[in-house]
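Take a look at the structure, then read on.

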Amino acid sequence: MHVLLVNGPNLNLLGQREPGIYGCDTLATIEAELTVEAQADGIKLACFQSNFEGALVERIHQAMGVSQGILINAGAYTHTSIAIRDALTGVAIPFVELHLSNTYAREPFRHRSYLSDQAVGIVSGFGSKNYSLALQGLTHYLRRNG
Ligand code: CA2
């Protein structure tokens, strides 16, 4: 089974700024630990981060015919990007939306997501642990429905 992890804008700064909101783990650490966890479960994980909306759209397109599932923290694009929504629905690959923070406990503009109604599940509010929880949820879904 092949899974793609997509991280959106500013998540490359994880562990370097705002630890009170986003925690102390760097994105490199999160990706490395999730890769090990995935491998132990027989899953090949590909990781991608970009600060550019079009690059995220293109990476999602490249997953067609390769990845059976997608984990995505689209960052602020969650709340603005119809293009990323359309890419995810266009490739028709089941995806889990994840966030480090509980977006519903934050500013009102973070309460709207263009992705949630298309996701097979959402994980929000448990910091970097959410990457592992999202992978578990996605693989559980794919093994039952894939
Ligand atoms: O909670 C999340 O995971 C978010 O997707 C993070 C986004 C935010 O716009 C969403 O509303 C919720 C922001 C990512 C910014 O990441 C930083 C990490 C360290 C320092 C500064 C920004």
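Let's begin with a term: buried means under 20% relative accessible area, exposed means over 50%, and partly exposed is in between, all with a 1.4 Å probe and protein chains only. This is a predicted model, where local features need pLDDT of at least 70, side-chain atom pairs count only at pLDDT 80 or more, and totals for chains, interfaces and linings use all residues. Residues are numbered from 1 along each chain as its sequence is written, and side-chain values use heavy atoms, with hydrogens and water left out.

**The whole chain**

- You'll find five helices and five strands here; helices (H or I, at least four residues) and strands (E, at least two) are DSSP runs, numbered from the N terminus.
- Starting at the N terminus, the order of elements is β-α-α-β-α-β-α-β-β-α.
- A compact globule of 146 residues would have a radius of gyration near 15 Å, and the chain agrees with that at 14 Å. The radius is taken over C-alpha atoms, and the globule rule is 2.2 Å times the number of residues to the power 0.38.
- Along the principal axes, the C-alpha atoms fill a box of roughly 35 × 30 × 25 Å.
- Of the 146 residues, 44% are buried.
- Take the contacts (heavy atoms within 4.5 Å) between residues at least 6 apart in sequence: 76% of them join residues at least 24 apart.

**Surface and charge**

- The accessible surface is about 7,200 Å², and 53% of it belongs to carbon and sulfur atoms. Such areas come from the Shrake-Rupley method with a 1.4 Å probe; for residues, only the protein chains shown count as cover.
- There are 10 positive and 12 negative side chains, and the centres of the two sets lie 3 Å apart. Lys and Arg count as positive and Asp and Glu as negative, while His and the chain ends are not counted. Each charge is placed at NZ of Lys, CZ of Arg, CG of Asp or CD of Glu.

- In α4 (residues 82-91), the buried residues are Ile 84, Ala 87, Leu 88 and Val 91.
- Looking down the axis of α4, these buried residues fall within an arc of 95°, so they line one face of the helix. That arc is made by the directions from the helix axis to the C-beta atoms.
- The cover over the buried residues of α4 includes α3 (53-62), β3 (69-73) and β4 (95-99).
- Ala 92 sits in the loop between α4 and β4. Ala 92 isn't a glycine, yet has a positive phi of about 55°.
- Ala 92 counts as exposed because its relative accessibility is 63%.

**Helix α3**

- Leu 56, Val 57, Arg 59 and Ile 60 are buried in α3.
- Down the axis of α3, its buried residues fall within an arc of 165°, so they line one face of the helix.
- Over on the other side of α3, Glu 58 and Gln 62 are exposed.
- Covering the buried residues of α3 are elements including β1, β2 (44-49), β3 and α4.

- Asn 10 is in the loop between β1 (2-7) and α1 (19-22). The phi of Asn 10 is near 75°, a positive value in a residue other than glycine.
- Leu 100 belongs to the loop between β4 and β5 (121-124), and is buried because its relative accessible area is 4%.
- Not counting residues up to four places away in sequence, Leu 100 touches several residues, among them Leu 11, Tyr 22, Phe 126 and Tyr 131.
- Leu 100 and Lys 129 are 29 residues apart in sequence, and 8.0 Å apart in space from C-alpha to C-alpha.
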